[in-house]
Amino acid sequence: MKKNIFLMLLITIIAILSGCASNKGKNTVIKEEIYALGTVIQIQIYDADEEKAKKAIEESEKRVQEIENKMTVNKEKSEVILINENSGINSVQVSPDTFYVIQKAKKYSDLSGGAFDLTVEPIVKLWGIGTENARVPKQEEIDALLGLVDYNDVVLDESTNQVKLNREGQAIDLGAIAKGYAGDEVKKILKEHGIKTAFVNLGGNVVTLGSKLDGSPWRIGVQNPLDERGKHIAVIEVVDETLVTSGNYERYFIEDGKRYHHIIDPKTGYPAEAGIISSTIVTNSSIDADALSTSVYVLGLEKGMELIESLENVEAVIVTEDKKIYVTSGLKDRFKLENEEFQLAN
Ligand code: FAD
Ligand code: MG
């Protein structure tokens with residue numbers, strides 16, 4: 001009898017201990033929200049080691065702040081502001097970070113035939129969309145600045161990391177690409193900390209690490225451009241990829257019944273009106289996705305699709321004004337329409 005009690009006690013202790021052990025090894029979700037780059041950045045890590053996850057988040061936050069401080073045009077100073085202040089005068093030596101992003105921005109300016117143009121800043125400032133000073137400028141004001149927009153005037157010296165803008169008054173804006181770079185850098189940091197499962201949302205730029213814990217893909221909603229935030233029109237499945245959307249619904253103002261949004265056509269100096277209301281890119285690198293989502297938005301359906309189909313491992317979803325959705329061939333199996341108001345066009 002005594003022996004039986006002892007045995008039961010032993011079994012109970014073993015059960016408790018093994019229970020503890022399995023609990024310790026269990027993945028939990030560690031979430032954090034950061035405000036940077038003019039937006040809310042959410043990081044969700046799924047890992048058993050909370051300490052490690054917290055450290056990774058801390059480091060990510062520092063890194064995003066560092067990127068903002070180097071590349072912003074909205075503060076007192078930054079490397080980009082210094083380049084702009086020296087336009088037509090001096091070359092400015094910048095950090096490898098800033099040089100890399102400018103180099104990429106110039107590459108996409110070229111690849112998109114100037115639909116994306118990193119020197120669009122004077123026009124962006126003129127409209128002030130997203131600020132308290134947003135207004136429709138006079139045509140003369142646009143004409144006076146439009147000549148300054150030309151990415152060919154960005155001179156890069158790779159051996160010294162020096163950047164020069166050829167003409168006075170020219171200025172760079174990395175708002176359409178630097179958030180993508182920040183996403184890639186956060187992912188790099190999480191990986192360096194040994195994290196295998198994570199979901200990061202930088203104000204609509206989504207970056208995923210691995211698949212969901214159960215091995216299934218992340219299911220990411222594509223925002224309905226005609227509805228309030230959080231309402232989606234479709235779901236895309238992604239594993240270890242990034243998904244970046246440019247739309248006319250996040251930063252805009254309305255005057256005389258007309259919507260003026262923040263993506264500028266560098267050829268006209270007006271908000272792009274190529275018939276697209278949102279363009280989403282799915283690929284491996286978030287800096288590429290960010291530059292391409294803006295490029296496609298400006299290029300319009302036909303040229304945008306042509307550009308995307310010419311690139312390897314890059315997929316897109318384009319929503320047009322007439323509520324049609326165009327999905328590239330490589331994404332069709334992973335795309336699910338969930339709103340009957342919209343129609344799959346291809
Ligand atoms: P995207 O389509 O990716 O980019 C649109 C933005 O790119 C425009 O806002 C404009 O800045 C620029 N742009 C417009 N047309 C073109 C074009 N044809 N080619 C190239 N670029 C174009 N927001 C704040 O409110 N306050 C801040 O202090 C602030 N600081 C920021 C600092 C950094 C380093 C970055 C990257 C962003 C910051 N932002 C800030 C947000 C920024 O102003 C943009 O609104 C945001 O980056 C736009 O991202 P998006 O994904 O909505 O659109
Ligand atoms: Mg972009």
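A residue counts as buried when its relative accessible area is under 20%. By that cut-off valine 163, at 0% relative accessibility, is buried. Keep the cut-off in mind as you look around this predicted model, since it returns at the magnesium site. The chain has a mean pLDDT of 92, and 93% of its residues reach 70 or more. Residues 1-24 have a pLDDT below 50, and beyond near neighbours in sequence this stretch makes one contact in the model. Where pLDDT is low, the predicted coordinates should not be read in detail.

**Around valine 163**

- Valine 163 sits in strand E5, which covers residues 162-165.
- Leaving aside residues up to four places away in sequence, valine 163 touches Ile83, Asn90, Ser91, Val92, Val94, Phe99, Ile102, Val154, Val155, Leu156 and Ile172.
- Asparagine 284 is 121 residues from valine 163 in sequence, and their C-alpha atoms are 28 Å apart in space.

**The magnesium ion (ligand 2)**

- The protein donors to this ion are Ala176 (O), Asp290 (O), Asp290 (OD) and Thr294 (OG1), at 2.0 to 2.6 Å from it.
- Along the sequence, the donor residues follow the spacing A-x113-D-x3-T.
- Aspartate 290 and threonine 294 are four residues apart in helix H8 (residues 286-299), so about one helical turn separates them.
- Aspartate 290 has a relative accessible area of 5%, which makes this residue buried because the value is under 20%.
- Threonine 294 is buried too, because its relative accessible area of 11% is also under 20%.

**How H4 packs on H8**

- Two packed helices are described by the angle between their axes and the distance between the axes.
- For helix H4 (residues 96-111) and H8, the angle is about 40° and the axes are 10 Å apart.
- This angle makes H4 oblique to H8, and H4 passes H8 in a right-handed crossing.
- On the H4 side, Tyr100, Val101, Lys104 and Tyr108 meet Ile287, Asp288, Ala291 and Leu292 of H8.

**Two backbone angles to check**

- Most residues other than glycine have a negative phi.
- Leucine 37 has a positive phi, near 55°, and lies in the loop between strand E1 (28-36) and strand E2 (39-47).
- With a relative accessible area of 21%, leucine 37 is partly exposed.
- Aspartate 256 also has a positive phi, of about 50°, and is found in the loop between strand E11 (252-255) and strand E12 (258-261).
- Aspartate 256 is exposed, with a relative accessible area of 79%.

Definitions and conventions:
Residues numbered from 1 in each chain as written. Chains lettered and ligands numbered in written order. Predicted model: local features only at pLDDT ≥ 70, side-chain atom pairs only at ≥ 80, totals over all residues. Heavy atoms only, no water. Donors = N, O, S within 2.8 Å, 3.2 Å for Na, K, Ca; no water. Helix = DSSP H or I, 4+ residues; strand = E, 2+ residues; numbered from the N terminus. Buried < 20%, exposed > 50% of the residue type's maximum accessible area, 1.4 Å probe, protein only. pLDDT = per-residue confidence, 0-100. Contact = heavy atoms within 4.5 Å. Axes fitted to C-alpha atoms, helices over the stretch in contact; angles between N-to-C directions. Parallel < 35°, antiparallel > 145°, perpendicular 65-115°, else oblique. Left-handed = near helix turned anticlockwise from the far one by under 90°.
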